[in-house]
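Hi,

Here's the structure I promised to pass on. Have a look at it first, and then read my notes below.

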Amino acid sequence: MQVHFISDLHLSADRPALTAVFERYLAGPVRAADRLYILGDLFEYWSGDDDLDDPLNTRIAEQLASLAEGGCQIFFMHGNRDLLIGEGFATRANLKILPEPSLIQLGDERFVLCHGDNLCTDDIAYQAFRTQVRNPAWQAGFMSQPLAARKQFIAGLRMKSEAAKSEKTAEIMDVNADAVAALIRDNGFPRLIHGHTHRPDMHRVDVDGHTCERWVLADWRDATETAQGEVLVWADGNLSRQPLY
């Protein structure tokens with residue numbers, strides 16, 4: 001069995017080269033996988049499932065559905081950019097939305113999955129914002145607004161987010177060690193896989209006498225000369241990274 005993990009693609013209409021990398025991946029390497037886990041931020045932003053007629057959104061949903069019809073189970077977990085993805089998109093793309101965190105079993109091993117922003121607890125301002133926008137009442141009020149107004153609001157948030165990042169230290173925007181340990185402890189000391197921080201690596205973490213692994217997924221990048229992605233592959237009991245172009 002082969003299982004793929006990806007996150008932080010940040011697909012958008014103004015990044016066509018990156019979208020092309022993802023489309024080649026959907027038509028090629030992932031066809032060998034039994035499962036695909038998308039751990040958040042598939043899109044740069046998501047204004048609501050009533051935006052499914054957007055050409056990019058339609059195309060991605062259709063290609064994911066084609067992958068699922070070919071026998072690959074697809075699982076999606078919300079990120080901070082696409083937390084408004086709902087059952088409309090899930091149905092169109094033929095995927096299942098997972099709660100955060102989620103504990104899965106692969107062979108004899110257990111893995112706990114999350115997007116990763118929940119672990120960045122040193123960023124107090126961001127955590128307050130995260131709590132607000134994940135509140136069902138807030139989301140209902142937001143979704144009651146016209147689509148155009150929602151898009152305008154999100155565009156403003158993206159600008160503020162970039163400005164705020166420039167004023168924060170790298171340490172504040174990374175995961176908190178105690179938050180990582182708590183998540184691993186609460187789930188029985190499994191391996192941890194997450195994205196969000198854009199700092200791909202594998203860390204060995206000691207929690208209550210257990211040495212555990214924390215795998216950080218890579219963000220997909222649209223550089224000047226080439227676009228590149230990365231998938232974390234579980235096969236034969238091992239994890240390995242595979243670049244995508």
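Let's start with Phe-22: with a relative accessibility of 0%, this residue counts as buried, since the cut-off is under 20%. Keep in mind that this is a predicted model.

So what does Phe-22 pair up with? Its partner is Trp-220, and the two rings sit edge-to-face, 5.9 Å centre to centre with 75° between the planes. Phe-22 belongs to helix α1, while Trp-220 is in the loop between β9 (210-216) and β10 (221-222), so the pair links distant parts of the chain, 198 residues apart. Trp-220 is buried too, at a relative accessible area of 1%.

There's another ring pair to look at. Tyr-37 and Phe-75 are stacked, because their planes are at 15° and their centres 4.8 Å apart. Tyr-37 comes from strand β2 (residues 35-38) and Phe-75 from strand β3 (residues 73-76), so this pair ties together parts that are 38 residues apart in sequence. Tyr-37 is buried at 3% relative accessible area, and Phe-75 is buried at 12%. Ring pairs also join Tyr-37 and Phe-75 with Phe-5 and Phe-111 in a cluster. In total, the structure has 12 aromatic pairs.

The axes of α1 (residues 16-27) and α2 (residues 55-69) come within 10 Å and cross at roughly 20°, so the two helices are roughly parallel. The crossing is left-handed.

Cheers

Key
Residues numbered from 1 in each chain as written. Predicted model: local features only at pLDDT ≥ 70, side-chain atom pairs only at ≥ 80, totals over all residues. Heavy atoms only, no water. Axes fitted to C-alpha atoms, helices over the stretch in contact; angles between N-to-C directions. Helix = DSSP H or I, 4+ residues; strand = E, 2+ residues; numbered from the N terminus. Parallel < 35°, antiparallel > 145°, perpendicular 65-115°, else oblique. Left-handed = near helix turned anticlockwise from the far one by under 90°. Phe/Tyr/Trp six-rings, centres within 6.5 Å; stacked < 30°, edge-to-face > 60°. Buried < 20%, exposed > 50% of the residue type's maximum accessible area, 1.4 Å probe, protein only.
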